[in-house]
Amino acid sequence: MRHPPKQQIEKEAIKVWRITAAIYNGILCLLAIAALVVSIIFEWPVWYSMVAVAVTIILAYVFIFILPKLRWRRWRYELFEQEIYIQYGILIMSRTLVPMVRVQHVDTQQGPILKRYDLATVTISTAATTHEIPALNEEDASLLRDRISELARVDEEDV
């Protein structure tokens, strides 16, 4: 069996994923509270809404405080001359090899939260799918994108 990839994503990814999860869970929490208010106004059984609020709080804790750290520990990648090796997953570990000859284009993406922490995501597109390496330092992401592009071009010329 092959050894796990050596490169880790930035530790700041934990903060980014926590902020993102907090935004999504905040919206979910508002919906649960709205359901509670509607239940009170229309005199429906309140316990349905109370269960929804409790479940929302439990999910918020899991998605904001537990999962980002686990995700960060598992995310790895490594760049070789002939392939890109990506490993990710919490319960189900996925190990993906992307052959350089299959790479069609490489992009970097950066939303407002990633930009705040000077991070970027590298996306690698093949004919079949798109692979991501999230939350890399902005400069490292640009260098990785350029290196993958260079290696993909070299492989095309060799064929």
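Modeller: Start with a pair of strands. Strand β6 (residues 119–126) runs antiparallel to strand β7 (residues 130–137), and six bridges join them. Helices (H or I, at least four residues) and strands (E, at least two) are DSSP runs, numbered from the N terminus. Two strands count as paired if DSSP finds at least two bridges between them. Three residues lie between β6 and β7, and the two strands form a hairpin. Leu119 stands opposite Asn137 in β7.

Some ground rules come next. The model is predicted, so local features need pLDDT of at least 70 and side-chain atom pairs count only at pLDDT 80 or more, while totals for chains, interfaces and linings use all residues. Residues are numbered from 1 along each chain as its sequence is written, and side-chain values use heavy atoms, with hydrogens and water left out.

Now widen the view. In general, strands of a sheet pair through backbone hydrogen bonds.

There is also an open sheet of four strands, ordered β1-β2-β3-β4, again with antiparallel pairing. Its edge strands are β1 (7–8) and β4 (94–99), and each pairs on one side only. Strand β3 (residues 83–88) is joined to β4 by six bridges. Across them, Gln87 has Arg95 of β4 as its bridge partner. Helix α2 (residues 47–74) packs on this sheet and touches β1, β2 (76–79) and β3. Its direction makes about 25° with that of β2. Contact means heavy atoms within 4.5 Å.

Charged side chains matter to the picture too. A salt bridge is a side-chain nitrogen of Lys or Arg within 4 Å of a carboxyl oxygen of Asp or Glu. That rule gives five salt bridges. In one of them, Glu83 meets Arg2 at 2.5 Å, N to O. Glu83 lies in strand β3 and Arg2 in the segment before β1, so the pair ties together parts 81 residues apart in sequence.

Last, the domains. The domain assignment, automatic or from a database, gives domain 1 (8–72) and domain 2 (76–158). Their centres, taken over C-alpha atoms, are 31 Å apart. Between them, 15 residues of domain 1 contact 13 of domain 2. About 1100 Å² is buried there, 76% of it from carbon and sulfur atoms. Buried area is the accessible area (1.4 Å probe) that two parts lose on being put together, summed over both. Gln8, Glu10 and Val16 supply 42% of the area domain 1 buries against domain 2, more than any other three residues. Helices α1 (13–41) and α2 each supply at least two residues of the side of domain 1 that touches domain 2. The largest share of that side, seven residues, comes from α1. Salt bridges between the two domains number zero.

Technical notes
Axes fitted to C-alpha atoms, helices over the stretch in contact; angles between N-to-C directions.
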